[in-house]
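This report describes selected local features of one protein chain.

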Amino acid sequence: MNWFISAGSRDPAPVQLFCLPYAGAGASAFRHWPDRLGPDVEVLPVQLPGRENRISEDPRFQIADVARAIAERADRPYAIYGHSMGGRVGFEVVRELRRTGRPLPLRLYVGGARAPHVSAPSVFDGLSQVDDAELLRRLEAGGGLPAGLLEHPELVELLMPLLRADFDRVDGYRYRPEAPLPVPIVAFTGRTDQAVTRQQSAAWREHTAARFALRELDAGHFFLHDALPALAAVIRADLRAAVGGSAPESGGHRMPLGDTGWSVWRDALLRSTGFPADGLTLLAAPRAAAAADELLVTGAGVEQFDKEFDEAVLASARQLTDLAADPLLREAVTWQNRGALPALDGLVRGGAEATRNVRRRERERALLKYWQRYCGKNETVGFFGPSCWVTIDPDLPAAAEVRPGAALTRRRWVWFESWALAAYAERIGADPAVRRWWAPRLAPHLSLAGREVLRPGRPPVPLSPVEAALLATVDGRRPARDVITDGSIGLRRPEDGYELLDRLVRRELLTWDAALPVTPHAEEVLRQRIAAIGDAPARAAAEAGFDRLCAARDAVAAAAGDPDRLRTALDALDETFTELTGQPPQRRAGQMYAGRTLCYEDTSRDLDVVFGAPLLNELAAPLAVLLRAARWLAGALEEAYGAVFRELYDELRAEAGDGPVALSDLWFLVQGLFWGTGERPVDAVAAQFAARWADLFGLAGHPSGATEVRLDVADLAARVDEAFPPLAAHWSNARLHSPDLQICAADVDALARGEYTVVLGELHAAWPSFDTYAVTPSHPDVERLRAALAADLGPRRIRLLYPTDWPRRTSRVAESLAGPTDRQLAFAAAPGAEEDRVLPTVTLTVHDEAGRLVVTAADGQRWPLTEVCAALLSTHAVDGFKLVAAAPYTPRITLDRLVVARQTWRTTVGECGLATVTGDRARYLAVRDWRRGLGLPEQVYVKLGTETKPCFVDLSSPAFASLFCTMVRAAGRDGGDEVTLVVSEMLPTPDDAWVPDAAGRRYFSELRLHIVDAAEPELAR
């Protein structure tokens, strides 16, 4: 009896994959899988009876027979894939293999299959009971028939007995509970699958005691055909890791970056814009620019210039008026700043012909700043900056495979900012009936030592016996009502205990609140805190208010796609919040990246991309040069800061005499070295770093007017070794660097053909940029990312516990991939402490161990001092990675096919002369004259020293010229004539945007990678 269809003779593969088909299908459903999975996977489609070459047999089969056949054929590590009906068959096969004591598979892959225990109705239920016509109709309506099958009546007639037998099995299936399988399960779900929902696929996690992953593919029920490249890439990478014993814990999540000695994560992030790239060309006015240049050069053509300028201004007004009415743009602005909507309304009401008074110009400039951002910035924010996780596949022969979905975004979700939930928790906690159920805890940066509390940088606080006894009892888990009744404290009355708790809170020794984390999980935690309130009326009131708040947020989420409805929903949420908390619905007014509002939206782009070997092979050599430099920078920072740490330690050691040096004292002193206004170690290192690059590039030897420096990496090898010699760093983050790569290609086909250039956006040296809630919620298997990061950076990493007022610290950007053994360093009062992780600096000591400064905890755990300061060092590594120093002009610099520095001009507000020019016409001529003097391209990015981000400017556009001059004027007013003005060429240009949507529009993007150093210095932990 032939159970398997072989792909023919080939060299033995290290792993076998047994494939079980969907209802009505045979082994040929997997005929394209061997080519897609490659030579390292032997694909063995299971030929069930009654189909194809076994069509003469009874189509009914027994699970035990299938299990026996697989067990007898499996002669090496193997996995099982089952699609639809085959998913549940595969599950029962594995359970049978376990019952009979046979070797189990490495993985169970299930595609388009409801979890076994799920009994919710499906469009395919009951098909065994209907007539042939109804069966086919329902299969077609539910997407359960392969495309084109009904066009072949003779084939349908042949398959009908098989379909009926298979749907007899589907309808007759009854799940019987057993222990979860000790086999990892990977479930695949089709985004547009009408038969099996994402939730029904996610429910497979209940059936494994090992790892579970859910992967979503952009296809319907038959994604094993329609999305095979993406499906095969995931399975191939996962099997390679599994069969090599290299689960994420040992490096299977990475692939070599050529022969450079570096390795790159297989998971990568593609950030993109939410508005098409050609939106930046809408306001271009080449005819007005040509007329202005003619006037400036010859002094002639005033009438022609005035005509072209007036027409350009009117055309811009029409474009901006149309944009102000555009629902998609209005939705984006509504999310960012509802206060700007009246300006858009005013533009629409006035129309393009409105008088160009001060208000009209201000409104146009406000709109233009939003527009250039939405079209040009890859910011990973909302639907106007969607990102998606992509795969790096070394076996893919093309540079990329790209599949845009039907929509711009695949998923959208709305989170509360944690400060808003903390405000609600504070309000309900004002009720003693609620607060007595909150668990008090010692402030995380403090430590109880007998009859006193140790504080960083301040004298200890003496305690009375009862205060000391109470602080010894609180643990952050026991509610206050239980603490105050503890007989060891010696309180006479509960009222005395509550008063004592309040007094210790006022003295800033204790926290007694809901203890919410500064992460998106704050909502879940608050829900748990409320549920734990033992007073029924108080709990009901707290739940009712929280339900109202969440319902208002859900109404915001439901308003996606409708700007007017969104505005109403956000206003209603504000009103509900203020009614419930008594607080305003905003904080930190005017600050950027401050989590000012109550909630925010994140999205994932409706796009599937797999990048292949050609792209990585092209980039390996030039990236290796950058990574060598990043390694040197991390080591140089360790040396520079280590020397200063040593000086401060020696001073403290001398003061302490025979006593230990407290980390809290050293920590207090080193802050000025990182954040002070004086000269810091990082400044000298960064200057040396840029100087080494200048020597490497040979910038001094190039003509002053050179526009580009092109270098062959192969010719640079010896000079790279000299410029950036090996310099080991012993702090964990130093092993991982994260470049942002902007690929320039005309379209997807050009990218696949290899017609592209790559531009380095930034290189985040020594910074795991995936470790943030801004991006991980959209990943299909966050636990895989967490395990991968722990594998690369090691266990027991130190994470800072940031105070509430820390700049740019919000729940959205908080770290999301903390490992199970990571610890929290508490150096000031801060929310989010976890009792089992927190390390107050006052409990840690610093000592010299064989010439290295080591931090030791009370339980004996040890870390290098540089590891404890890793987060601070990483911040300066990112800031210090600048390839060129501040020169008046820098040409474009290209290593092989990687542009590592754009053409750049540096000047000041005073030197440019634009701050004092007034009037649209005069400003336009001044900008054109300034552009001509510097030799600038028409489309540039400008960065003023008073601004946080660069801004796109089309120098041919009167509207952009007015905006630019206004920005320069404001910078001069705020900072004076010496405020820096940096201008860089636009690269990629709109013609270089390749990320498509379903309608063929193209968007800017950047590919963010995690690249790991193969050299693994020993960490003294």
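## Sheets, a helix and cysteines

Strand 28 pairs with strand 31 (residues 904–908) in the antiparallel sense, over 2 bridges. The model is a predicted one. Within this pair, Tyr-889 has Trp-905 of strand 31 as its bridge partner.

Both strands belong to an open sheet of 5 strands, whose order is 28-31-34-32-33 and whose pairing is antiparallel. Strand 28 (889–890) and strand 33 (951–954) are the edge strands, each pairing on one side only. Helix 32 (residues 958–975) packs on this sheet, where it touches strand 32 (939–944), strand 33 and strand 34 (980–985). The direction of helix 32 makes about 135 degrees with that of strand 33.

A further open sheet has 3 strands in the order 13-14-15, again with antiparallel pairing. Its edges are strand 13 (447–449) and strand 15 (458–462), each of which pairs on one side only. From one strand to the next the twist averages 30 degrees. Strand 14 (residues 452–455) and strand 15 are joined in the antiparallel sense over 3 bridges. Arg-455 stands opposite Arg-458 in strand 15. In general terms, the strands of a sheet pair through backbone hydrogen bonds, either parallel or antiparallel.

| Strand pair | Sense | Bridges |
|---|---|---|
| Strand 28 and strand 31 | antiparallel | 2 bridges |
| Strand 14 and strand 15 | antiparallel | 3 bridges |

Helix 9 covers residues 286–298. Its 13 residues should span 18 Å at 1.5 Å a residue, and the end C-alpha atoms are 18 Å apart, which agrees. The buried residues of helix 9 are Ala-288, Ala-289, Ala-291, Ala-292, Asp-293 and Leu-295. Among the elements that cover these buried residues are helix 10 (302–325) and helix 31 (920–934). Just after helix 9, Gly-299 takes a positive phi of about 80 degrees.

How many disulfides does the structure hold? The structure holds 0 disulfides. Cys-388 is in no disulfide, and the nearest cysteine sulfur, that of Cys-744, is 18 Å away. Cys-388 counts as buried because its relative accessibility is 3%, and the cut-off for buried is under 20%. Cys-869 is likewise buried, with a relative accessible area of 2%.

Conventions. Residues numbered from 1 in each chain as written. Predicted model: local features only at pLDDT ≥ 70, side-chain atom pairs only at ≥ 80, totals over all residues. Heavy atoms only, no water. Pairing = 2+ DSSP bridges. Helix = DSSP H or I, 4+ residues; strand = E, 2+ residues; numbered from the N terminus. Axes fitted to C-alpha atoms, helices over the stretch in contact; angles between N-to-C directions. Disulfide = S-S within 2.5 Å. Buried < 20%, exposed > 50% of the residue type's maximum accessible area, 1.4 Å probe, protein only. Expected span 1.5 Å × (residues − 1). Contact = heavy atoms within 4.5 Å.
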